[in-house]
Amino acid sequence: MSPQTARRGGTAWALVITSVAGFMAALDNLVVTTALPAIRADLGGALHDLEWTVSAYTLTFAVLLMFGAALGDRFGRRRLFLVGITIFTLASAAAALAPGIDSLIAARAVQGVGAAVMMPLTLTLLTAAVPAERRGMAFGIWGAVNGLAVASGPLIGGSLTEHISWQWIFWLNVPLGIALLPLARLRLAESHGTGSPLDVTGTLLASAGLFGIVYGLVRGPADGWTDTVVLMGLTTGAALLAAFVLHGVRGRNPMLPMRLFRSRAFAGINAASLLMFLGMFGSIFLLSQYMQGVLGYSPTEAGLRMLPWTGMPMLVAPIAGLLSDRIGGRPVVATGLFLQAAGLGYLSYVVTADASYGVQLPGLILSGVGMALFFAPASALVMGSVIAKEQGIASGANNALREVGGALGIAIMSSIFASQGGYETPQTFVDGLRPAIAVGAGVVALAGVAALLIPARRRALAATADLPEPEPRPLADTAAR
């Protein structure tokens, strides 16, 4: 390694740069939730518009995540990392300046594009900069910072909305992005992957298919489920996703090879991840509005009151990791999911138009402990479900499916909310909230069942050892770099 490369690739700088970038991308998943009532009051918009302010980000983030990683491997990880930060920062400024709800949704979608390019490259750049014997500590710090972003998202969003304005949840990203650009350019070393061909076909099929389904679910309650455009979105989206699956089976270099799902461990943990995020994101989306619109808490108070749920991973995740090392990840993940389902089920029973926070607290704590028990062991199960050469693909697929689950959860649970209630009065809000959260609880319970299908640790290790090697991919023409 040349002195210049060594200087650029310093471990401490790489850890700081990638952690801050990861914090920005993770924060924007949930930071907007406690600002939704203020956005609605300022820019107007119906329930489906609020859904899109969250889902536009998670959806583009999800469907472009693996494509962003592949772009970095082919054209240079540092180069694409800089592109991702630039897109994310400019889109954040556009969101802050949005004059209407439609332009805000568009800016959020572009934010998701930037995050999809930036986020997966944080780990590959960190891996390249940190010696193997120190990666465990570096990954732990990186993961803790990302966990802090998830935990503090509703609180940061609520505090900025209450004490300054909702626009500052987006302005916050701008100085961070501007500071990261020169640091990343000067302090990170450039690296490339194998240069595998880009799966443009798979990306287009997944993007269009998921957009069609989410669009149909979002518009269904307002326009009617028999509306031509709604039906077209749902049926076309389903057909395109079926084509994506077929492409993953027969395609030459698919971004998500369907043969990976032959592994019960891989299929089980990914099904559990998608369903867990579906139930979790949809519930947080509605409960944060319930705390403000029905119970009258300020945005900051709502964010603080969500901490027993969103902040619990910071306390319980280390214990979950120790338990996973001793008894295996499957029982820890399954227990966590059933606890979260119990917490959501309890909340669906106790929420009323005047419920006290003390009554809600057991459900929030149960959900938080359950979520914390899921995260750390789930990552280990994903990485252990495939051969070493395909761990990057497996990690990208799992992260993408989690984001897809979040987008679908907001769409599905908001549809249930709209069909049973609305924003007219506190009671009509509760009438829609209770069945929606009950469905969320059922979905997370299904995630627990999926986790139980994962083989026990010894059998999973044996199955992984027997997995077929992937077909060799042709090396890209180095001139293309």
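Met314 lies in helix H15, which spans residues 312-327, in a predicted model. Helices are DSSP runs of H or I of at least four residues, strands are runs of E of at least two, and both are numbered from the N terminus. The protein chain holds 20 helices and zero strands.

Residues are numbered from 1 along each chain as its sequence is written, and side-chain values use heavy atoms, with hydrogens and water left out. Because the model is predicted, local features need pLDDT of at least 70 and side-chain atom pairs count only at pLDDT 80 or more, whereas totals for chains, interfaces and linings use all residues.

**Surface patch at Met314**

- Met314 has 37% relative accessibility and therefore counts as partly exposed; this class lies between buried (under 20% relative accessible area) and exposed (over 50%), with a 1.4 Å probe and protein chains only.
- Together with Leu148 and Leu315, Met314 forms a nonpolar surface patch of about 290 Å² of accessible area.

**Aromatic pairs**

- Nine aromatic pairs are found in the whole structure.
- One of them joins Phe417 and Tyr423, whose ring centres are 5.7 Å apart with planes at 70°, so the pair is edge-to-face.
- Rings of Phe, Tyr and Trp (its six-membered ring) pair if their centres lie within 6.5 Å; planes under 30 degrees apart count as stacked, over 60 as edge-to-face and the rest as tilted.
- Phe417 is buried at 1% relative accessible area, while Tyr423 is partly exposed at 24%.
- Tyr423 also pairs edge-to-face with Phe429, with centres 5.6 Å apart and planes at 65°; Phe429 is buried, at 4% relative accessible area.
- Trp52, Phe211 and Tyr215 are linked into a cluster by ring pairs.

**Charges over rings**

- Arg40 lies over the face of Tyr423, 4.1 Å from the ring centre; the criterion is NZ of Lys or CZ of Arg within 6 Å of the ring centre and within 35 degrees of the ring normal.
- Arg305 places its charged end over the ring of Tyr357, at 5.3 Å from the centre.

**Whole chain**

- Of the 481 residues in the protein chain, 54% are buried.
- The chain has an accessible surface of about 18,900 Å², 67% of it belonging to carbon and sulfur atoms, by the Shrake-Rupley method with a 1.4 Å probe.
- Among contacts (heavy atoms within 4.5 Å) between residues at least 6 apart in sequence, 84% join residues at least 24 apart.

Definitions and conventions: Patches are made of residues with over 30% relative accessible area and no salt bridge: like charges are joined within 9 Å, nonpolar side chains (Val, Leu, Ile, Met, Phe, Trp, Tyr) within 5 Å. A salt bridge is a side-chain nitrogen of Lys or Arg within 4 Å of a carboxyl oxygen of Asp or Glu.
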